[in-house]
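Please keep the structure open while reading.

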Amino acid sequence: MSKFSDYNFKGQKALIRVDFNVPLDENFTITDDTRMRATIPTIKKILADGGKVILMSHLGRPKGGPEDKFSLKHLVQHLYDLLNPTSVSSAPSEGEQQPTKVFFANDCIGEQAAMTVSMLRSDEVLLLENLRFYKEEEAGDEAFAQKLSKLGDVYVNDAFGTAHRAHASTAVIAKFFAADKKMFGLVMEGEVLSAEKVLHQAEKPFTAIIGGAKVSDKILIIENLLDRATDIIIGGGMAYTFMKARGGKIGSSLCEDDRLDTAKEIIEKARQKNVSIHLPEDSIIADKFAADANTNTCPSDAIPDGWMGLDIGPKAIGIFSEVIGKSKTILWNGPMGVFEMEKFQSGTKAIALAVADATSKGAFSLVGGGDSVAAVNQFNLADKVSYVSTGGGAMLEYFEGKVLPGIAAVTE
Ligand code: AMP
């Protein structure tokens, strides 16, 4: 594989797999363009070299044929605006840089796509129609992947969010490019480098903070981290299954009774491997799962009947923050409580601040997974941590120790 920043794209047709799977409202207005904005530096580098950019992506979950509401044509104007932030409608004066043109092909393969590509000039961008209008995309069909590959001289994978899928455009296509003609884009490179830093080059103490609702979703990641981390902080709803497994009284807190043995095994394995597991000493409890519930604070292993733990308490915040403060590497996945409700957000906010504080003192911190990313954004702390991952499912699978097809296809 080639290194993106060292590659000169002059005169090359760069076929980039991007993740433009953005949310749209009923008027086709993009409500969160984070994924599109993330890829702009990759596109700009290729254009600056004098290359041609061909973008391919999926959008939504079409049933395997064209559907207007899932057409990528709805993204063209916004892509143009992102590439030409200061452009005005009047013609540029002499010497002024021309705006980057953005074209759209209403099929991702076939004659129209091929013809539009052949007319593309060096500083121009072409967006192909939704890959998932062909069921062959998700099936990882080789013939379909080969047809796509014909559109570019070089393959750039910049879609970390779909790297855990072995689809035609995310993995299979790579085999049709020589080793020096395939590479990661800047988004993918950033994700892979930061995940590798945590998984394989972590400076110790290494603390993993795992929260969220269910133990069952996080078992594999915890098991993989038992071989790497020095400390594992467990918060959120999943902490109560661990509390009960240790013989605690958890009232009506969230609990997966079929995972009590798993929780016991994790506690035992951690002991054998000398990894400290930290459970919340106390909890903010509520008499119902609602924003206007009555609340109280009590030890997490002595929650009265009819009450449930919906956030970590002040003692837990103190202990967790101290562990985080001593860490050199921090991985955070999952909130400490029901942070969507104001009464139960103090724990998640305090942990976000502790991670930001440790980062300012030199720790490397990676926040990954949908809800913890939403939390650091909500508390305006995204730029106070070392890296915020854009790929929820992909990052989780990476930390479970799985090989991601989208990464393997480019590196092999
Ligand atoms: P996950 O997707 O597994 O990371 O879980 C995130 C969800 O877990 C969020 O919507 C939180 O509201 C929820 N959550 C966190 N702590 C608790 C808790 N103590 N009880 C119930 N739900 C929780």
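1. The radius of gyration used here is taken over C-alpha atoms, and the globule rule is 2.2 Å times the number of residues to the power 0.38. The model is predicted. For a compact globule of 412 residues the rule gives a radius near 22 Å, and the chain has 24 Å, so the two agree.

2. The overall extent can be given in another way. Taken along the principal axes, the box filled by the C-alpha atoms is roughly 70 × 45 × 45 Å.

3. The secondary structure consists of 14 helices and 17 strands. Contacts between residues at least 6 apart in sequence were also sorted by separation: 72% of them join residues at least 24 apart.

4. How much of the chain is buried? Of its 412 residues, 53% count as buried. The accessible surface of the chain is about 18,200 Å², and carbon and sulfur atoms account for 49% of that surface.

5. Is L404 buried or exposed? The relative accessibility of L404 is 3%, and buried means under 20%, so L404 counts as buried.

6. The neighbours of L404 come from separate parts of the sequence. Leaving out residues up to four places away in sequence, L404 touches F160, A163, H164, A394, E397 and Y398. A further pair to check is L404 and R165: they are 239 residues apart in sequence, yet their C-alpha atoms are 7.4 Å apart in space.

7. An oxygen atom of the ligand lies 3.0 Å from a polar backbone atom of A213. For G237, a polar backbone atom is 3.1 Å from a nitrogen atom of the ligand. At G309, the distance from a polar backbone atom to a ligand nitrogen atom is 3.0 Å. As for cover, the ligand on its own has 510 Å² of accessible area, and the protein covers 81% of that area.

Methods
Residues are numbered from 1 along each chain as its sequence is written. This is a predicted model: local features need pLDDT of at least 70, side-chain atom pairs count only at pLDDT 80 or more; totals for chains, interfaces and linings use all residues. Side-chain values use heavy atoms; hydrogens and water are left out. A polar contact is a pair of N or O atoms within 3.5 Å; within protein, one must be able to donate a hydrogen and the other to accept it, and residues adjacent in sequence count only if both atoms are side-chain atoms. Accessible areas come from the Shrake-Rupley method with a 1.4 Å probe; for residues, only the protein chains shown count as cover. Helices (H or I, at least four residues) and strands (E, at least two) are DSSP runs, numbered from the N terminus. Buried means under 20% relative accessible area, exposed over 50%, partly exposed in between (1.4 Å probe, protein chains only). Contact means heavy atoms within 4.5 Å.
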